[in-house]
Amino acid sequence: SIMPATLSAISNGARHGILFKGGIHLENLGNLQAIALDKTGTLTKGKPEVTDVIIREDLNEEDFLFHIASVENYSNHPLATSIVRYAKTKLHRDIIKPVNMEDISGNGVQAYINGVLWQVGKADFVGRSEAERFQNGIALRLAEQGKTIVYAKDDHGIAGILTLKDIVRDETVAAIEALRNEGIHTVMLTGDGEKTAKAIASESHIDAYIAECLPETKVTEVKKLKEHFGTVAMVGDGINDAPALATASVGIAMGEGTDVALETADVVLMKNDLPRIAEAVKLSKKMNRIIK
Ligand code: ADP
Ligand code: MG
C-alpha cells in the first residue's frame, strides 16, 4: 500500500509539472547517484536551424536541397524537420516522393530519386573516410562551434554537407548545477559527432559526455553507469532513447517527447522542465526520511 507521505509527494509533483507513474520511482530519485541525459531535444531545444550549406562543384544549391528535402521529408527526426523547412524557403519547385525510403535510427535516411540512391546522415552512415575527404577543415571548424554536420551522398560520392545549430535550453545549466549540488554525476549521451558533442557538453556545464552513440550504445552506457554508481536515471525524448529509458533505474521523458519515450518512461517532465529533476530529488530525500 502507498504511504501517505508518498501520495502527498506525488500529487505535489503533479501540481508542479512532474508526473510519477508510481511511488517507487519517486523513492528511487532520492537515491540517485548519476544521471544520463540525451542531447538533442533534452539538453537542447531540439529545433536546430540550418546554418551552412556546402555543395560539390558540379551541383547547384537548389538541386542539392531538392534531393535532400525529398529524402528527409519522410523522417520525423528533428534534423529532418528543420532541413525540410529550410529547403522549402529556398526551392521554386515542389519536393517529390522518393522510392524505397528508409529511416535508419541514429544514422540517417536514404531513398532513390530517379534511380539514384541518396543517403543523408552522419559520417559513418555515408562512409567516414569519404566524408572526411570532403571539406574536412571547414567541417571540423563548424563542428567545434557545436553545429551538427549532416552529409549527403549520391552515386558520385559526397554531394555536400549541411550544418545545423541547436540551442541549449535556457534552464539546462541551472538544472545540471542543481543536480551536481545533490552530489549527482551528470553525463550527456548523444548520437552526434565528437567535436559537436564536446561543444554542447561544455555549454551545458555537464560532467562528462559520450558521442557517436547508437541507441544500443546508450543502453550499454546506462548499464555501465549502474554498475559503477548504483541508482541511475536517464532523461530523453526520442524513439532512440526508449531502450535506455527502460534500462535506467528511473527513466525520465521530456513531456514534448515522442510517444514511445513517454510510454517507456517512469517519470514525465510535463513542461520539459529540466530543473524539476533536482527538485524532485530533494523532495524524495525529504520523503524517504519521513517514511524511514
Ligand atoms: P541524438 O542522440 O543526438 O538525439 P540521434 O541518435 O537521433 O541523435 O542521431 C544521431 C546522428 O545521426 C545525428 O546527429 C545525425 O548526424 C544522424 N541522423 C539521424 N537521423 C537523421 C536524419 N533523419 N537526417 C540526418 N541525419 C540524421
Ligand atoms: Mg533527443
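Let's begin with Asn272, which sits in the loop between β13 (267-269) and α14. Keep in mind that this is a predicted model. Asn272 has a phi near 55°, a positive value in a residue that isn't glycine. Is Asn272 buried or exposed? Asn272 counts as buried, because 20 other C-beta atoms lie within 10 Å.

There's another residue of this kind to look at. Gln135 isn't a glycine either, yet its phi is positive, about 50°. You'll find Gln135 in the loop between α7 (128-133) and α8 (136-144). Gln135 has 18 C-beta neighbours inside 10 Å, so it counts as partly exposed.

Okay, let's zoom out. The protein chain has 14 helices and 13 strands. Along its principal axes, the C-alpha trace spans about 70 × 35 × 30 Å. For 292 residues, a compact globule would have a radius of gyration near 19 Å, and the chain's 21 Å agrees with that. Buried residues make up 49% of the 292. And if you take the contacts with a separation of 6 or more, 61% of them are between residues 24 or more positions apart.

Now the domains. The chain divides into domain 1 (4-45 + 168-291) and domain 2 (49-165). Their C-alpha centres lie 31 Å apart. Where they meet, 14 residues of domain 1 are in contact with 13 residues of domain 2. On the domain 1 side, the elements giving two or more residues are α3 and α10 (194-204), and α10 gives the most, with 5 residues. That side of domain 1 divides into 5 nonpolar, 6 polar and 3 charged residues.

So where is ligand 1? Both domains give residues to the shell around ligand 1, so it lies between them. There are 22 residues surrounding ligand 1, and the closest are Thr40, Ser75, His77, Lys122 and Gly191. Several elements supply at least two shell residues each: α3 (39-43), α5 (78-90), β5 (108-113), β6 (116-121) and β7 (148-154). By type, the shell divides into 12 polar, 5 nonpolar and 5 charged residues. Notice that α3 turns up here in the ligand shell as well as on the side of domain 1 that touches domain 2.

On to the inside. In soluble globular proteins, nonpolar side chains tend to be buried together. Here, the largest nonpolar core has 52 residues, and those with the most contacts inside it are Ile35, Ala36, Met188, Ala233, Met234 and Ile252. Helix α14 (residues 275-291) gives the most to this core, with 6 residues. Apart from that core lies another, of 32 residues, among them Val50, Ile68, Ala143 and Ile149.

Not counting residues up to four places away in sequence, Met234 touches Ala36, Val222, Ala244, Leu245, Ala248, Gly251 and Ile252.

Why does Lys218 count as buried? Because Lys218 has 28 C-beta neighbours inside 10 Å, and 20 or more is the cut-off for buried. Leaving aside neighbours within four places in sequence, Lys218 is in contact with Leu189, Cys213, Asp241, Pro243 and Ala244. Ala244 is also one of the residues that Met234 touches. By contrast, Leu283 is 65 residues from Lys218 in sequence and 28 Å away in space, C-alpha to C-alpha.

That's my tour, happy to take questions.

Conventions. Residues are numbered from 1 along each chain as its sequence is written. Chains are lettered from A and ligands numbered from 1 in the order in which they are written. This is a predicted model: local features need pLDDT of at least 70, side-chain atom pairs count only at pLDDT 80 or more; totals for chains, interfaces and linings use all residues. A residue is near a molecule or strand if its C-beta atom, placed from the backbone, lies within 6 Å of it. Helices (H or I, at least four residues) and strands (E, at least two) are DSSP runs, numbered from the N terminus. Ala, Val, Leu, Ile, Met, Phe, Trp, Tyr, Cys and Pro count as nonpolar, Asp, Glu, Lys and Arg as charged, and the others, Gly among them, as polar. Domain bounds come from an automatic or database domain assignment. Two residues are in contact if their C-beta atoms, placed from the backbone, lie within 7 Å. A nonpolar core is a set of buried Ala, Val, Leu, Ile, Met, Phe, Trp, Tyr and Cys residues joined through C-beta atoms within 7 Å. A residue is buried if 20 or more other C-beta atoms lie within 10 Å of its own, exposed if 12 or fewer, and partly exposed in between; C-beta atoms are placed from the backbone. The radius of gyration is taken over C-alpha atoms; the globule rule is 2.2 Å times the number of residues to the power 0.38.
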